[in-house]
Amino acid sequence: MSDILISIRNLSTYFYTYAGVVKALEGVDLEIYKRETLGLVGETGCGKSVTALSIMQLVPNPPGKIVSGQILLEGEDLLKKSEEEMRKIRGAKISMVFQDPMTYINPVLTIGDQISEVILLHQDLRKEVLALKIEELQGKLEKLDPTSGTARDFKSKIEELEKKMIDPPKPSKSDVKKAALKKTIETLKLVRMPYPERVVKQYPHELSGGMRQRAMIAMALSCGPSLLIADEATTALDVTIQAQILQLLNELKKEIGASILIITHDLGIVAEMCDRVGVMYAGVVVEYTGTKALFRKPLHPYTQGLLRSIPKLHKEIERLEIIPGSVPNLIYPPPGCRFHPRCPYVMDICRKERPPMFEPEEGHFVACYLYGQRGD
Amino acid sequence: MAPRVRELRFTIFLLKQSPLVVAGFILMFAFIAMAVFAPWITPYGPEERIWESKLQPPSSQHIFGTDESGGDIFSRLIWASQLDLAIAVTVVGTAMAIGSAMGAVSGYLGGKTDEVMMRITDIFLAFPALILAMTIAAALGRNLTNLTIALIIVWWPAYARLIRGQVLSEREKLYVEAARAVGAPTRRIIFRHVLPNSIYPLLVNATLDLGGVILTAAGLSFIGFGAGAGIAEWGRMIADGRNYLFQSPWMATFPGLAILLSALAMNLVGDGLRDVLDPRLRR
Amino acid sequence: MSTAETLLEVKELKKHFPIRGGIFGRAVGYVYAVDGVSFKIGKGETMGLVGESGCGKTTVGRCILRLIEPTAGEILFEGEDIARIDDKQMIKLRPKMQIVFQDPYASLNPRMTIKDIVGEPMLVNGIAKGLELRRRVLELLVIVGLSEDHMNRFPHEFSGGQRQRIGVARALSLNPEFIVLDEPTSSLDVSVQAQTLNMLQDLQRKLDLTYLFISHNLSVIKHMSEKIAVMYLGKIVEIASKAELFRSQLHPYTQALFAAIPIPDPEISRERIVLGGDVPSPVNPPSGCRFNPRCPKMIPVCKEEEPELIEVRKGHYVACHLVK
């Protein structure tokens, strides 16, 4: 079980509003494994974004509040951490990319400044500063005649600095900034940003939507996080640009070794990108399994309905099937299974008791009484 | 009409969140009540003079004292509230009506109409407000009616500008295009669609301006451009009390307090409305 | 391809938006939003117009309805060119051609009740008023699946799907023949989208409507349309019937578009075509074929000459130098 990066247990997040208490998440259980891509899919209001915010503890408070549960990151409960401790984790261990880059990037800072800011906040760059200085000196050394006095001076300086590598001195502000900028450019190269040296000096409005999102992914990856959360990261992008970004994420998966949590409403993205999927409905996880298994044999009636209601590029459908009814009001959610008012297979127990997660096939979890009895 | 009622209750709930705003509203209602019930709560009439008791300090007979001609300050203060509040509401209301209509038409039609309208408002706005008001009041004759007219003329250009700004952004909105698509004539689009949706920021300004107008009217009356001598109007009363500031400070102090508190009340209400109206639009 | 009569024909439609600059507001450049678009829609047919942002599809829809004035070209509605007729004549035609907008939140006046919103078209066109108006509004609401107690409510009390239905009810109120559907389901949830699309199909059958369905979502377009036109940077690059287009995409952009859309089936693998570069701006379109900077199959002539839209197979038109 040391393969598990994040373990979410019984997470409940409520929003206390004028109209009532919105039970946005009710007992969510999820696991994100190391180096895997987990998809969290559902429609508006199902709680997928709230789950991401809860992990980062960015739920707006008021009116939101995480009322119960645990979020274990490598064994430590994030919900018990102080704001100070969480700040060290955000951007460094867990980072997030949001939907519309135009609205969540600071328009008055250059791309370089914004990414460097994250690096400066989380990383001790003493070694990098020293390495940079050594590099500079070596560069100058190459241009000199090796027998000259100046060359010998440089050589001894370099040796001196190299000795300090074990415990580098505290660097000056400008030196640190230079080191951060270097790292920024490296990260931009990682995300295949064209002309990174130019981009760092540019402002967000000078970049196209796709490039902005690339810059944001760079920012999220700059400190080598263990988990990258992509909350509808491609929804606002054109289809061909979305394809570029999805391809980038797929390539990065192998290169950086981080886990990715992809939050989306697009089942196509899930099919292409994710190893495992969690389907959410009205604040609850209703099905949870490997991607192939989900599409090959969806078990939960909601998942089945969802798959039947989307127009498919690769199949001809005469008429889309609809799921009757509508998403429930989360202030007064239905008792028992939250999907029961719309379920074609509803049984008596569904109306009374919330179904636990059953595992009718290995690795395939469903919260539905069609697949088990209470007490299984 | 139930949805409108629900809206109102939500607004009231939001307003109750800030104690200062609540205080502002209470004060405002107090002043309104004062003006409305003046005939019943004043022991003396506005022009009543009791020459024997001139320049009396506050006492049980005269709660705020008397002025140099024996008028009861307390009563006159309350009677004055009728005048000042009436002026405030008239000026703001009329200026808003004129300004909105002009600004909306100008903003929606754009082009030459807009250019011409904006130059006209520029001319008005180029004058310092007080000087302009004084000039108009002096030209028309120094009385309260003319003061009101002068203030309306000074105030409307700002509203026109404000509404025009809102209209410029509203007219690009999809529901306006939808109205055009179904064949609605321009007049209907401006007054039935764009204007009602542009008016919110104006409401905030209007409430704040109520305070502003009270201050300005009082100030102008103080220098002699509004109410004539002896009329029960707050500014006038301060002017009259100026000569007796050290002997009988109550003459000027209480009207001054009235101006302060009423303007303050309007400001708080305006503030509250701004906070309430803005985030709510983010549904 | 339907053999029905042509209801709408667009010929070389152009819309150039001037970019104003300088003290006198002179045009310093143009946004070539639509630059020579031609197609035909048969009566009772649904034509899909698909493309990414900046391709001009929304502008085409607006020009047809004269909500935006076209710069050049002809728009033949029932045989008559309406591109340059004056306002008075246009007002008479408006009842026949209506539009449903993309954003159900923004296309309804937040300060008007549903009854007023849906009744407005009939009111301003002098078709009904008072009690008669109320009766007709109720009829329309029922057609789209709403009810009487929705009449006196405000838009913000409804969900996105319901608001879109209100928009449809409004569009139907004048008994139009032709409706432009501008991304009608793009801001709706998947399950609500299904309901809305089904409703649109039912209405088309019942009321014999002709649709121009504009969207960036190829799956939705495929589901709804008989004929599909693909736009890129102000021009149509390919038109074909749905069956034909899905059998073979001839234009490289169409191929890339098809390949880019994630398919909800992990078992299917496809040829990966990921286009480099960004969706260009219509202010400074590339010379020659507009797609040439990003085209994986570009040849030298593509930079010099713009390809014409030619019928390479029956009913299948492509604008590409490689396909002749």
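In this predicted model, the domain assignment divides chain A into domain 1, covering residues 4-93 + 226-371, and domain 2, covering residues 111-199. The C-alpha centres of domain 1 and domain 2 of chain A are 42 Å apart.

**A residue in strand S3**

A:Leu40 belongs to strand S3 of chain A, which spans residues 37-41. Is A:Leu40 buried or exposed? A:Leu40 counts as buried because 28 C-beta neighbours lie inside 10 Å, and a residue is called buried when 20 or more other C-beta atoms lie within 10 Å of its own. Setting aside neighbours within four places in sequence, the residues in contact with A:Leu40 are A:Lys48, A:Thr51, A:Leu261, A:Ile263, A:Gly278 and A:Met280.

**The contact between chain A and chain C**

Chain A contributes 37 residues to its contact with chain C, and chain C contributes 30 residues. On the side of chain A that touches chain C, each of the helices tabulated below supplies at least two residues.

| Helix of chain A | Residue range |
|---|---|
| H9 | residues 209-221 |
| H10 | residues 239-256 |
| H11 | residues 267-273 |
| H12 | residues 291-296 |
| H13 | residues 301-309 |

Which helix gives the most to this side of chain A? The answer is H10(A), with 7 residues. Sorted by class, the side of chain A that touches chain C holds 17 nonpolar, 13 polar and 7 charged residues.

Notes
Residues are numbered from 1 along each chain as its sequence is written. Chains are lettered from A and ligands numbered from 1 in the order in which they are written. This is a predicted model: local features need pLDDT of at least 70, side-chain atom pairs count only at pLDDT 80 or more; totals for chains, interfaces and linings use all residues. Two residues are in contact if their C-beta atoms, placed from the backbone, lie within 7 Å. Helices (H or I, at least four residues) and strands (E, at least two) are DSSP runs, numbered from the N terminus. Ala, Val, Leu, Ile, Met, Phe, Trp, Tyr, Cys and Pro count as nonpolar, Asp, Glu, Lys and Arg as charged, and the others, Gly among them, as polar. Domain bounds come from an automatic or database domain assignment. A residue is buried if 20 or more other C-beta atoms lie within 10 Å of its own, exposed if 12 or fewer, and partly exposed in between; C-beta atoms are placed from the backbone.
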